[in-house]
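Hi there,

Here is the structure I promised to pass on, with the sequence alongside. Have a look at it first, and then read on for what turned up.

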10 protein chains.
Amino acid sequence: MPLYAVRMDVAIPDDIDPELRAETIAREKAYSQELQRGGEWPYIWRIVGQYSNISVFDVADNERLHEILWGLPLFQWMTVEVTPLATHPSDVALADGGES
Amino acid sequence: MPLYAVRMDVAIPDDIDPELRAETIAREKAYSQELQRGGEWPYIWRIVGQYSNISVFDVADNERLHEILWGLPLFQWMTVEVTPLATHPSDVALADGGES
Amino acid sequence: MPLYAVRMDVAIPDDIDPELRAETIAREKAYSQELQRGGEWPYIWRIVGQYSNISVFDVADNERLHEILWGLPLFQWMTVEVTPLATHPSDVALADGGES
Amino acid sequence: MPLYAVRMDVAIPDDIDPELRAETIAREKAYSQELQRGGEWPYIWRIVGQYSNISVFDVADNERLHEILWGLPLFQWMTVEVTPLATHPSDVALADGGES
Amino acid sequence: MPLYAVRMDVAIPDDIDPELRAETIAREKAYSQELQRGGEWPYIWRIVGQYSNISVFDVADNERLHEILWGLPLFQWMTVEVTPLATHPSDVALADGGES
Amino acid sequence: MPLYAVRMDVAIPDDIDPELRAETIAREKAYSQELQRGGEWPYIWRIVGQYSNISVFDVADNERLHEILWGLPLFQWMTVEVTPLATHPSDVALADGGES
Amino acid sequence: MPLYAVRMDVAIPDDIDPELRAETIAREKAYSQELQRGGEWPYIWRIVGQYSNISVFDVADNERLHEILWGLPLFQWMTVEVTPLATHPSDVALADGGES
Amino acid sequence: MPLYAVRMDVAIPDDIDPELRAETIAREKAYSQELQRGGEWPYIWRIVGQYSNISVFDVADNERLHEILWGLPLFQWMTVEVTPLATHPSDVALADGGES
Amino acid sequence: MPLYAVRMDVAIPDDIDPELRAETIAREKAYSQELQRGGEWPYIWRIVGQYSNISVFDVADNERLHEILWGLPLFQWMTVEVTPLATHPSDVALADGGES
Amino acid sequence: MPLYAVRMDVAIPDDIDPELRAETIAREKAYSQELQRGGEWPYIWRIVGQYSNISVFDVADNERLHEILWGLPLFQWMTVEVTPLATHPSDVALADGGES
């Protein structure tokens, strides 16, 4: 299945109701973890010193990736950057007969 | 061990001797695969449509990462961007008691 | 099949042998037209005043798109930018029951 | 008729009245679909992970394109980028005697 | 007829044969003046302190503008930026019943 | 008299009182037209798809240009970019003995 | 221990309650000084003419650095840029047998 | 007379004949000093750590400034940025009845 | 004494109380004029078409410059850019034995 | 004495004579170490993954800093960025009565 690197930068406005803020962050976490457990969101890392993450998605196609990102509870306060990935010719998974 | 996302963009000059070019690319591949097999370079992906990769390194510290990158056979023709990573609080590896 | 918008900016160095230049441009044209006729490269437009094009690709996945772009005869003199596309909710093809 | 690639990035402010927001989006969709059906807005694609689209317009001239864009119900919350297009010499429509 | 603002930045490489350089500049001037006299290139201004100009073109459509720009003798050493123009609602030519 | 190209991008905040907005735009138009009729603002064009214009000013000097721009009713909501112009050596007005 | 250069640019919104503002700045100072005294934040300099600082951190690893930065009382109003550092081969501490 | 701030960044190619280089720099210095003594180039400062200067010109108009800059012996290896200046309302020369 | 070029861009928010706005601008003017008369702020110019100035400061050192800039009544609404200056080798003040 | 942060990015052209390259790098190291030992160049760090360093200089004034940077054996192949520094109000050296 195609892989995509996605960077998400979060900027929640100062004047958001704190309860709405906390509730949205909790929904975001649950949403992400469900996709992680389902295998479509295999990696998520925090960027040091930023309210940002770098993630890798492993999904059926562009349509599915957009559906996932558009559905993120924090989507409206995010800047999202998508980079489509392909197998690298130096990947040992190729040399060793594995799939990447 | 600390993780780092690294993006490498390669631009080999047009007038490089083709043999030197081929030999350098072969050395780059061997160098990368040795580090992949050793566990310090766990992921490498090609960026679609670019002579570029996004990689993740899992190394002892900044010194070791610099040593690896500086030693890349293609280093002098690369633009390199390093992003230090940390565990993301939504990572299911945390929730499930695993290590990330 | 997934769609991708791709912008290609071409910069052929001044000191290229004119015959090599002409021959590469001819191969580029043949390569593009074969993919257009095969349905994987449905649109190609010249950007006014630029040695550039905006194209749309309709291919199996990221891997196939990279294979096509990497194989472009002018690839080494191009800057390439890939934007993954999805169906737009306002597209009349949806409203009219067609596929987009 | 001249073609133009247009990228639209939408950023609706957080504090817009939800009804006004929904009503404006509905008017935007109707406005777009009327122009799609009329043939002046032949392509519209969602950019994956963005509240953005890439569109192609096929209109009489610059004046008509500006009239259409200025009239977009979401115009005041959009960033718009216009790229004039011309026929590409590799377009098979030329080789095959068609019009592009 | 549609108008376009075009900015051209010229960067002739140092190692160009001086005769070729002089001859190309002379051809550029003749080419420009023929289009100025024909009415398609109504304005050309030098940008102070730059080897650059800002011009206005008044041509049939995108295709014709591209044909003109692509044919510039200095084209291969230029960076070109095209901005499509429309009538401004404050233009007195409108208020006074003239055409702009 | 010296010429200047000026680009103005307008961004009126969402929460401006609609009457103030309409009245300011009306004053802007009157202000512009008076200067157009007086000969100091010879050209004004709308940029297609933008709340922006490209104008040419023909004024006594830098001081006068700043006085005009600073006095624009929409000035506080504008981003302004000034490019000083000079006669271009290819201008046919020179070749034909006219003044540019 | 690994070193990191960190640039922090502060932009406190105009409409923050002055007491909250003062109290947050005081907490920031105390937080910074505790880390300075503990040896993890060895250098902090003001950038001339900016509400910004350049700092050097000397911490166990990426995780610890993120924990520190995320905990900054002003974090939500900061733009933070992290640059991982390594020993420079010209550093006299190396030549003289010291540690850097 | 109108004032202009001008920033010049110099980048002489590596492979220039050393004699030509030295001779061009000497001509640049003589050219600059003649204009300084004539009053049209009242200020020139080196930017610390750059092969660059910030200058102020006090010339008749845009045409004269372009003539001076275009004639700089180093012009073809420079990047030039021109900023037109006007009297500042806080300038004490105004308050004290002097000329600025 | 060391010189510094400083560019200040002012952006006063729309919703500032008009009296506070006027009073702050008046204090800014007085503050600037006192430093001009004291010799530490020898030049201040308005940038044409911008709410901005380019100034030159002649102060004891970095600490003093920061103290002055930080104390500007408009500081919180300014973007400030500082460029340290040195004597230019072409400055006639050197050739003529003067100090620059 | 005033402090300055300086970032240096090195790009030695491919076609430099290897001996000249090695000799210049050796002179750069000696030059740097002499200034480090003399106290004017107290810190130098390698940026991970870059042929770059971040340094801190502690020098008499702008003139001296420019003299040092201009004299760097690698200067012509460097991009240099200078940031003047001042004491930070949170610096414990102040709180503890020390000098910063």
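How far apart are the nearest C-alpha atoms of chain D and chain J, two chains that do not touch? They are 30 Å apart. Please keep in mind throughout that this is a predicted model.

Another pair without contact is chain A and chain E, where the closest C-alpha atoms lie 26 Å apart.

Let me start with chain A by itself. Three helices and four strands make up its secondary structure, and along the sequence they come in the order β-α-β-β-α-β-α. Its C-alpha atoms fill a box of roughly 55 × 25 × 20 Å along the principal axes. Of the 100 residues in chain A, 54% are buried. If you take the contacts in chain A between residues at least 6 apart in sequence, 64% of them join residues at least 24 apart.

Now to the interface of chain A and chain B, on which I have the most to tell you. Each chain brings 28 residues to the contact. About 2,600 Å² is buried between the two chains, and carbon and sulfur atoms give 62% of that area. On the side of chain B, the residues that lose the most area to chain A are B:W45, B:R46 and B:H88, which together account for 24% of what that side buries.

What about polar interactions? The count of residue pairs in polar contact between chain B and chain A is 13, with both residues at pLDDT 80 or more. Salt bridges across this interface, on the other hand, number zero by the rule used.

Several elements of chain B give two or more residues to the side that touches chain A: strand 1 (3–10), helix 1 (18–38), strand 2 (43–47), strand 3 (52–58), strand 4 (78–87) and helix 3 (92–95). Sorted by class, that side of chain B holds 15 nonpolar, eight polar and five charged residues.

Strand pairing also runs across the two chains. Strand 4 of chain A (residues 78–87) pairs with strand 2 of chain B in the antiparallel sense, over three bridges. Within this pairing, A:T87 stands opposite B:W45 of strand 2 in chain B. When you open the model, A:T87 and B:W45 could be a handy place to begin, as they stand opposite each other.

Best wishes

Notes:
Residues numbered from 1 in each chain as written. Chains lettered and ligands numbered in written order. Predicted model: local features only at pLDDT ≥ 70, side-chain atom pairs only at ≥ 80, totals over all residues. Heavy atoms only, no water. Contact = heavy atoms within 4.5 Å. Buried area = accessible area lost by both parts, 1.4 Å probe. Salt bridge = Lys/Arg side-chain N within 4 Å of Asp/Glu carboxyl O. Polar contact = N/O pair within 3.5 Å; in protein donor to acceptor, adjacent residues only side chain to side chain. Nonpolar A, V, L, I, M, F, W, Y, C, P; charged D, E, K, R; others polar. Pairing = 2+ DSSP bridges. Buried < 20%, exposed > 50% of the residue type's maximum accessible area, 1.4 Å probe, protein only.
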